[in-house]
Amino acid sequence: MAPRANRINVSLLSPLYYVGPTILLLLAIVAYPIAHSFYISLHKTEYLRIGGFTGLSNYLALLHDDIVQRDFIITIKYVLGSLSGAVPIGLLLAIILNQRLPGFGILRTICTLPWVISQTVSALLWIWFLNPSYGPVNYALSKLSIPTLDFRADVVLALPTLIGVNVWMSYPFAMILFLAGLQTIPEELYEAARIDGASVISEFYHITLPLIKNTMMAACVMLTLYYFTMVTLIFVFTGGGPAKLTEVLSLRIFNEAFFYWRMGTASALGVVVFVLNAVFSLIYIKVLRREAEL
Amino acid sequence: MKQSYSTIANRWPKVTVSVVLSYAVLVITGAAAIAPLLWALSTSVKTTTQVVAYPPRWLPDPPTFESYLQVVWRSPMPRHLLNTLIVAGISIALVLTVATHCAYGIARLRLRNRELLSFSILATAMVPIISVLPPLYSVYARLGLDDSYLGLSLVYSAWQVPTAMILVRGFIEAIPRELEEAAMIDGCSRRQCLYRIVFPIIQPGLVAAALLIFIYVWNDFLVATTLAISDERRMIQVGLYQYIGDVGIDWGRFMAYTVLASLPIIVLFLSLQRRLLRGLVAGAMKG
């Protein structure tokens with residue numbers, strides 16, 4: 001019996017040699033901090049010190065915090081606004097690029113560039129491009145006799161401008177996913193439709209749209225997750241201003257934690273964002289599963 | 001994606017309204033995509049007086065590299081660059097080592113909950129970093145890991161392991177099992193199979209994974225600005241952001257740093273576009 005017991009031992013340890021380090025890393029850097037975050041959120045905090053147990057009071061405080069509610073609405077506007085820009089633009093470009101005409105390779109490369117550079121650089125490029133005194137955009141506006149606009153500091157324009165920069169930065173991602181989805185549609189379907197005399201528009205509604213619906217769902221959920229948890233672009237572009245009118249929830253977590261050093265509030269908000277994000281992720285997985293079945 | 005653009009796009013199309021519109025949309029989008037980049041590039045080679053000239057001019061006359069010299073020789077940029085390269089190097093080494101072993105284990109060993117394990121690992125990539133940063137900072141401060149190369153690398157690695165694992169797993173599963181079985185009959189152990197047979201074959205996958213990790217680390221601002229505060233550990237995107245405070249309103253120098261902070265990524269993308277995009281699509285779709 002001894003050798004057999006020995007073999008079982010080895011076969012139990014052997015997988016750990018391969019998957020153990022990954023599990024350890026993810027437990028230490030991802031799982032443990034999330035659990036710790038939950039723990040902190042149930043306690044009083046002062047700077048990094050964790051005080052007495054306070055139950056759900058950090059969460060209740062969030063519920064009664066008008067600014068958090070406003071941040072939540074701004075977040076929804078930010079996510080939906082960005083989606084309604086990036087998804088149609090990405091889809092239109094993907095459909096055009098899928099025709100594979102001469103020169104499209106290089107045009108696709110140029111159209112993908114904004115997605116490659118960092119959020120920091122994107123924000124800084126647009127700060128300078130939209131500069132009220134020296135930027136080309138305001139110069140062009142002045143030619144149209146429109147007075148100088150300080151896009152980032154204007155209470156009406158700041159959020160739409162921020163969304164615009166975000167769309168500029170992220171539409172290539174949607175475009176690339178859609179293009180990959182379109183390339184799975186067999187050319188014969190379109191040829192058959194053309195023989196039957198279908199117009200470009202009816203081709204789009206009856207062939208393209210139904211066949212990339214799942215890719216679209218997947219892209220929408222992925223972009224939602226991405227927009228929902230974004231900090232850097234907003235932090236660098238507006239810093240949440242003017243008058244906190246562009247402060248989304250994730251930026252609020254950042255400020256609570258590393259500006260005001262209120263770790264209890266920051267952790268509670270962090271847990272809320274984590275849970276909402278997990279819900280979105282589950283939807284994403286469901287969508288992918290359904291896509292896999294088709 | 002099976003056929004490349006260059007082989008297919010060699011026949012000229014008939015000029016129709018739809019073709020003209022297609023080109024128009026692409027050219028307009030392309031112009032909008034690249035205009036802020038070109039404006040920054042132009043600003044970076046202007047003299048200080050040209051930078052603030054009104055009306056603004058697209059072309060510098062004459063171009064000068066003064067701003068770049070200032071950034072390279074008279075700013076902490078080289079230090080930020082060095083920090084970023086060190087952290088990227090550690091992260092790449094760590095992720096590739098850990099993820100390759102894990103991918104091999106999941107692809108080749110008879111594990112009971114193989115798919116559940118694979119799924120759980122992928123699920124961690126969905127955790128938003130901003131939710132983790134406040135508690136992580138507290139923990140790091142206690143362990144003395146804040147403001148260290150290792151601390152930063154661990155965070156980047158944790159967020160890159162799942163994608164790398166999926167990518168490498170695909171490459172491993174493409175290798176016929178018979179190759180390893182034959183080697184094992186010849187007396188190769190499991191581990192030797194991984195190091196001597198599988199490892200050399202999956203090199204292209206490892207290179208693709210390394211590039212994705214490099215881009216991730218290079219472009220990150222959020223983790224770096226939270227966990228590496230000191231001048232000695234500052235990463236390039238944070239250094240860029242803080243440079244505006246250092247130079248006041250000298251946009252020429254600021255844009256020179258901006259160009260330098262995006263150039264390596266743009267060059268990498270232009271030269272390895274197809275491979276990178278395939279990695280991205282695979283990572284996004286194989287959840």
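Rings of Phe, Tyr and Trp, the last represented by its six-membered ring, are taken as a pair if their centres lie within 6.5 Å. In this predicted model, ring pairs link Trp126(A), Trp128(A), Phe129(A), Tyr134(A), Trp168(A), Trp39(B), Trp58(B), Trp251(B) and Phe254(B) into a cluster. By the same rule, the count over all chains comes to 29 aromatic pairs.

One of these pairs joins Tyr17(A) and Tyr18(A), whose ring centres are 5.1 Å apart and whose planes stand at 90 degrees, so that the pair is edge-to-face. Tyr17(A) counts as partly exposed, at 29% relative accessibility, whereas Tyr18(A) is buried, with a relative accessible area of 1%. In chain B, an edge-to-face pair is formed by Tyr156(B) and Tyr216(B), with 6.0 Å from centre to centre and 90 degrees between the planes. This pair links distant parts of the chain, since Tyr156(B) belongs to helix H8 (residues 149–173) and Tyr216(B) to helix H11 (residues 203–219), 60 residues apart. Tyr156(B) is buried, its relative accessible area being 0%, while Tyr216(B), at 25% relative accessibility, counts as partly exposed.

Between the two chains, 96 residues of chain B are in contact with 90 residues of chain A. The area buried between chain B and chain A is about 8400 Å², and carbon and sulfur atoms give 79% of it. Zero salt bridges are counted between chain B and chain A, against twelve residue pairs in polar contact, both residues being at pLDDT 80 or more. On the side of chain B that touches chain A, helix H2 (residues 17–44) of chain B contributes the largest share, 18 residues, and the residues of that side divide into 72 nonpolar, 20 polar and four charged.

Notes. Residues numbered from 1 in each chain as written. Chains lettered and ligands numbered in written order. Predicted model: local features only at pLDDT ≥ 70, side-chain atom pairs only at ≥ 80, totals over all residues. Heavy atoms only, no water. Contact = heavy atoms within 4.5 Å. Buried area = accessible area lost by both parts, 1.4 Å probe. Salt bridge = Lys/Arg side-chain N within 4 Å of Asp/Glu carboxyl O. Polar contact = N/O pair within 3.5 Å; in protein donor to acceptor, adjacent residues only side chain to side chain. Helix = DSSP H or I, 4+ residues; strand = E, 2+ residues; numbered from the N terminus. Nonpolar A, V, L, I, M, F, W, Y, C, P; charged D, E, K, R; others polar. Phe/Tyr/Trp six-rings, centres within 6.5 Å; stacked < 30°, edge-to-face > 60°. Buried < 20%, exposed > 50% of the residue type's maximum accessible area, 1.4 Å probe, protein only.
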